[in-house]
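Subject: Structure for you to look at

Hello,

Here is the structure I promised to send over. Please open it first, then read my notes below.

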2 protein chains.
Amino acid sequence: MSLHDEIREQPERLYHLLRHQRQTAEKIAAEIHAREVNYVFLAARGTSDNAGRYANYLWGAHNRLPIALATPSLFTYYAQPPRLEKALVMGVSQSGQSPDIVSVLEEGRRQGCLTLAVTNAPNSPLAQAADLVFDIQAGPEKAVAATKTYTTELMALAMISAALRGAQDDWQALEKVPDWIATLLTQDADIERMAQRYRYMGQCVVLGRGFNYATAFEWALKLKELTYIIAEPYSSADFQHGPIAMIEGGFPVLAVAPQGKVFHSMFEMLARLREQQQAELVVISDDERVLALAQSAMRLPAGIPEWLTPLVAIVAGQLFACHLTRAKGYDTEKPRSITKVTETH
Amino acid sequence: MSLHDEIREQPERLYHLLRHQRQTAEKIAAEIHAREVNYVFLAARGTSDNAGRYANYLWGAHNRLPIALATPSLFTYYAQPPRLEKALVMGVSQSGQSPDIVSVLEEGRRQGCLTLAVTNAPNSPLAQAADLVFDIQAGPEKAVAATKTYTTELMALAMISAALRGAQDDWQALEKVPDWIATLLTQDADIERMAQRYRYMGQCVVLGRGFNYATAFEWALKLKELTYIIAEPYSSADFQHGPIAMIEGGFPVLAVAPQGKVFHSMFEMLARLREQQQAELVVISDDERVLALAQSAMRLPAGIPEWLTPLVAIVAGQLFACHLTRAKGYDTEKPRSITKVTETH
C-alpha cells in the first residue's frame, strides 16, 4: 500500500468505522454524561494533535465541552502535573506508543479521572492506560505520512460528538461522508495536473478558520513532511495580527474556505490578499465566488454541513501534497528524517 | 519612542510593575483560591496569545492549573459557547479592544464564572467586562510591534503565579528580572553586528520547549511582523514529528535553549541539526556547550531560574528582530499591513 493507495482507501475505512463503532461511541458518550465531565484534557502530537484541534471546535460548538490541550512536557520533565479534577483525560495517537502521551493518561487515571484513548492500536500502552478505548480500525498504515488515520480519528471524534448530542440528524450526515470523499477523489487527475505549477514553490502559508483550523494545520504538516517546503498554518484571525505583513506579489496562500459561519471573513481576506497583495491562491471550497478568485481551485461536493467539511477537505490537501511530492521528484514512501513512531519524552 | 527605545525601556517598566502591582496579584490570587477554580479558560490573540502560552506552562508547573485556550470564533460565529463551569475566564490584550476577546469574557460573566482581564488599558471594553483587572502599566506603546507589553504581560502572569503559591522565593527571583534584562541589553551592539549575517535570510524555524515554547512563538512573530521572513515556531518535540525533514544544509534554526529541565533534549536536537543536517544555528542560552555549537550566540546572564528565562530571553530575540529589520532596509516604525489594534470578530 502506497501513500496514494491509502489516500484512496479512505471512503472504505470510514464506511467500515461507521458500521462497526457506533456502539463504542454511544458507550463512551454515556460514560462522559455519567461522570459529569466539566472539560476535556487532551494529549496528542503531530497529525493526532490536528485531530484534537478539530475536536476543540466540534465538541465546543456541538457539545459545549471546552478542551485544554495538554503540555506533555509538564508530565515528563516538570515536577507536578496539573490537577485534573472533573476532566475527561484523552489521548489521541495512531500507534499508541508515544511515552509522553501515555504518561498523561496514567496521571489522569492516578487522579481518578475518566480516561479515553483514540488509537489504531487497541493493545498499545496508550490503550492499556485508558478506561475507554475507541479503536479507529484504519488497518495497517504503511506510509510514513499519516492520511487514513487522520480522517478515521476525525470520524471517531465526530461520532462521539454525535453520540453525546444524541441527534439523529448528525448520524445521517456522518453516513454521507464516505460518498463525499469518493466524489472528491474523482478530481485526483485534475489535482495532479494542478500540482505541477508548484514544482518550484519553496514556501507558503495555509489558512483555515473554525472547524477547518485543523485542516490548515494538517495540510501544512503533510506538505512539510513530504515536500520539505516551509508551509505555515494559521487561523485567518491570527494571520491578520501580524503575519499578513509578509505576503508579497506571487506569495502562495493555500486556503480551506467552505461555506458556513466563517466563510464571509475568509472570503474577504482572500479577496484582499489576491487583489491588494497579489498573492497566489490555492483554494479548497464549495463556493464558486472564492473558487473564482483562485489560480488553483479544488472543489468540494455540494451540501456538506460545515462541521463535516474537515473530513472531506483534507483529502484534497492530501492529494495535492502527494502529487506535489512526485512533481518535485521526491519519494512519497520514504520521507527523510521522520519515522512512523516518534518517541518524545 | 521608537521600537528600539521601547525594547530598552523594559527593565524600568518591569521594576515599576513589581513595585506597584504586587497587591493586585495577591488580590487576584485570593479570589482564585476562594472560588475553587478547576481550570483557566484563556482568550488572547497575537503577542498576548504567546503570553498565554507562557501561563500554560507556568501555571501548570507551579500552580497545577490546566489552561484551555479559547477558540473565540466559537463565541462570535457559532451558536453555543462552551459551558464554563468552574473555569476562571481570562482575557489578555494590550489594547483591551478586540471584540472577540471581550465576547469571551462577557460569556464567562453571564455563566457566573470568575473573570480576569490582563491589559494595558484599564478602561477598555475588556477591563469593563471583567470582575478582576490586572493593569500591566507599560505606558503608551507607540511602536506597532509589541515588546514591552509582552514582557509586562509575562510579569503579570508570573506575579499572579507567585501569589497563588505564596512562595517568598518566587518573589525574590522576580525582583531580579529587571537587572537580568539590563545585563542582557549590554549586548545590544553585539547583536546588531550579528544580525548583519542574516541580511538575506528569507526563512527560518524557531525552536523552544517547556516555558520557552512561548519565547519561540513570540520571537517568530516579531520576525514575521518586522522583517517579513517566513519564521515558523515549534516545540522541539513537535518539530521531530515531521517538520525536521525540511532542514537542509545552511537552513537557519533559531533556538531558545537555557539550562533547565528540557535543556538536554534541546541540546541533543540542536547538535544533530548542526552535525548531521548542517543547519545554521542562532541560539539564546546560558549554557556554553550549546552556545559553542551555534554560528551566532546570544548569552543570557547566569543564574536565571528556568521559569523566568522567557522574560529575559525574548529581549535578545526582540533586539535581533529589530536590528535585522534595519539591516534589511525596512522601517521598524512602519511595518506594512498591520495595525496596532486588530478587530477580529
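Start with the open sheet in chain A that has 5 strands in the order β7-β6-β8-β9-β10, with parallel pairing. Strands pair if DSSP finds at least two bridges between them. Helices (H or I, at least four residues) and strands (E, at least two) are DSSP runs, numbered from the N terminus. The edges are β7 (230-235) and β10 (296-299) of chain A; each has a single partner strand, so one side of each has no neighbour in the sheet. On average, neighbouring strands here are turned by 15° against each other, direction ignored. Axes are lines fitted to C-alpha atoms, for helices over the stretch in contact, and angles run from 0 to 180 degrees between N-to-C directions.

Two helices to look at on this sheet: α12 (residues 213-227) of chain A packs on it and touches β6 (203-208), β7, β8, β9 and β10 of chain A. The direction of α12 makes about 175° with that of β7(A). Helix α14 (residues 263-275) of chain A also packs on the sheet, touching β6, β8 and β9 of chain A. Its direction makes about 165° with that of β8(A). Contact means heavy atoms within 4.5 Å. Within the sheet, β8 (residues 252-256) and β9 (residues 280-285) of chain A run parallel and are joined by 5 bridges. Pro252(A) has Glu280(A) as its bridge partner in β9(A).

A word on provenance. This is a predicted model, in which local features need pLDDT of at least 70 and side-chain atom pairs count only at pLDDT 80 or more, while totals for chains, interfaces and linings use all residues. Residues are numbered from 1 along each chain as its sequence is written, chains are lettered from A and ligands numbered from 1 in the order in which they are written, and side-chain values use heavy atoms, with hydrogens and water left out.

Chain A has another open sheet of 5 strands, in the order β2-β1-β3-β4-β5 and with parallel pairing. Its edges are β2 (67-69) and β5 (132-135) of chain A, each with a single partner strand, so one side of each lacks a neighbour in the sheet. Neighbouring strands of this sheet are turned by 20° against each other on average, direction ignored. Strands β3 (residues 87-93) and β4 (residues 114-119) of chain A pair in the parallel sense over 6 bridges. Ser93(A) has Thr119(A) as its bridge partner in β4(A). Helix α6 (residues 99-110) of chain A lies across β1 (39-44), β3 and β4 of chain A, at about 160° to β3(A).

Next, a helix pair. Helices α2 (residues 10-20) and α10 (residues 177-185) of chain A pack at about 180°, with their axes 8 Å apart. From α2(A), the contact uses Pro11(A), Leu14(A), Tyr15(A) and Leu18(A). From α10(A) come Val177(A), Pro178(A), Ile181(A), Ala182(A) and Leu185(A). The residues of this contact divide into 9 nonpolar, no polar and no charged. Ala, Val, Leu, Ile, Met, Phe, Trp, Tyr, Cys and Pro count as nonpolar, Asp, Glu, Lys and Arg as charged, and the others, Gly among them, as polar.

Overall, chain A holds 16 helices and 10 strands. Buried residues make up 70% of its 345 residues. Buried means under 20% relative accessible area, exposed over 50%, partly exposed in between (1.4 Å probe, protein chains only).

Finally, chain B. All 6 of the 6 residues of β4 (residues 114-119) of chain B are buried. Leu114(B), Leu116(B) and Val118(B) lie on one side, Thr115(B), Ala117(B) and Thr119(B) on the other. Thr147(B) sits in the loop between β5 (132-135) and α8 (148-165) of chain B. Thr147(B) is buried, with a relative accessible area of 1%. Its C-alpha atom is separated by 7.2 Å from that of Gln318(B), 171 residues apart along the chain.

Best wishes
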